[in-house]
Every structure is written in structure tokens, then in C-alpha cells.
Amino acid sequence: MGLLDGAQSICELHQKIIVSRDNGSECKHVAINDQLKCMRQYKLDGEVFKNEKSCDFLLLNDTDKDAYFIELKGRHIELAIYQLQESFNRVRPELAGYNDLYRLVASKVKSHGVQSSIFRKFKIKKGQQFKYWVNVLEEIV
């Protein structure tokens, strides 16, 4: 049995706009689903993964086979990279055939965070699979 088997998607199957946001946070990821593709959204941190560090959300585009690992972070960019990687490693067996995509939305960015070797190595390794933004990231899925 996989980690997502018992989990309930928190969005509708063909929802047009899917927002990933933590309570009290100004950071959010907005997925625009104009073509009404088949989508699932899971709250990983605290829901699917109860006592382990993980990224905040997993958004699955089942039509195009894209898996968006979404982390909403205040300022700890290096921890965010760790959480994205760990979440992917845990869920990977359930996502065979999916493209892994990483999204980091931060509110309080310190220049040393984005210039750290951990951030730079992850950005280089993941290339176009990784998007980093401040406060709000909107994208068409």
C-alpha cells in the first residue's frame, strides 16, 4: 500500500484554480488549470507525513503525468531544498512515469540563502524542473 492510497485529494478532479497555501502564510502557489485536466492535490506536511519533515503540498497532473512538489517557506531555503528532496524520495515509488517538478515559494529571502551551495547545486541539478519565486507563484499546469 502506498502513502497516497489512503489520502484524500483536497481539490476537485477538474478544478480550474488550485491554491496551495498554509494558514497564516503569505506564500502561495497558484495552479491554473484552464484545460480542466485531471488533478489531485495532497497536503503532505502534517497530513500524509505526520511526524516527518516533508514539503507542504504535492500537486499531481494525472493528464500530463506531472508531479509538483511544493514548498512554502519563510526564510530557511536550505531546509526547503531538503524537504523537497525527501518528499520526492518517499513518494517516488508511487509516481512511476511522472515528471518530477519542484516549486519553492519563499517570503523572507536572504541573499545568502539563494547563494548557498545547497540551493545552487539543487538549482543546477534540476534545471527547468525547479522554479523558485517570492511570495506568489502562478503557473499554468
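Visitor: Why does Glu86 count as partly exposed?

Guide: This is a predicted model, in which local features need pLDDT of at least 70 and side-chain atom pairs count only at pLDDT 80 or more, while totals for chains, interfaces and linings use all residues. Residues are numbered from 1 along each chain as its sequence is written, and side-chain values use heavy atoms, with hydrogens and water left out. Buried means under 20% relative accessible area, exposed means over 50%, and partly exposed is in between (1.4 Å probe, protein chains only). Glu86 has 23% relative accessibility, so Glu86 counts as partly exposed.

Visitor: What makes the contact of Arg90 with Glu86 a salt bridge?

Guide: The term needs a side-chain nitrogen of Lys or Arg within 4 Å of a carboxyl oxygen of Asp or Glu. For Arg90 and Glu86 the closest N and O atoms are 4.0 Å apart, and the pair is listed as a salt bridge. The two are 4 residues apart in helix α1, which means about one helical turn separates them.

Visitor: Which other salt bridge does Arg90 form with a Glu?

Guide: The side chains of Arg90 and Glu52 meet at 2.9 Å, N to O. Arg90 lies in helix α1 and Glu52 in the loop between β3 and β4, so this pair ties together parts 38 residues apart in sequence. Glu52, at 41%, is partly exposed, and Arg90, at 22%, is partly exposed as well.

Visitor: How do you know that strand β5 is mostly covered?

Guide: In β5 (residues 66-73), 8 of its 8 residues are buried. A strand here is a DSSP run of E with at least two residues, and a helix is a run of H or I with at least four, both numbered from the N terminus.

Visitor: What makes β4 and β5 a pair?

Guide: Two strands pair if DSSP finds at least two bridges between them. β4 (residues 57-61) and β5 have 5 bridges, in the antiparallel sense. One of the contacts joins Leu58 to its bridge partner Phe69 in β5. β5 also pairs with β6 (residues 99-106), in the parallel sense over 8 bridges.

Visitor: Why is the unit of β5, helix α1 and β6 called right-handed?

Guide: A crossover is right-handed if, with the strands pointing away from the viewer, the path from the first strand over the helix to the second runs clockwise. β5, α1 (residues 77-91) and β6 make a β-α-β unit with that handedness.
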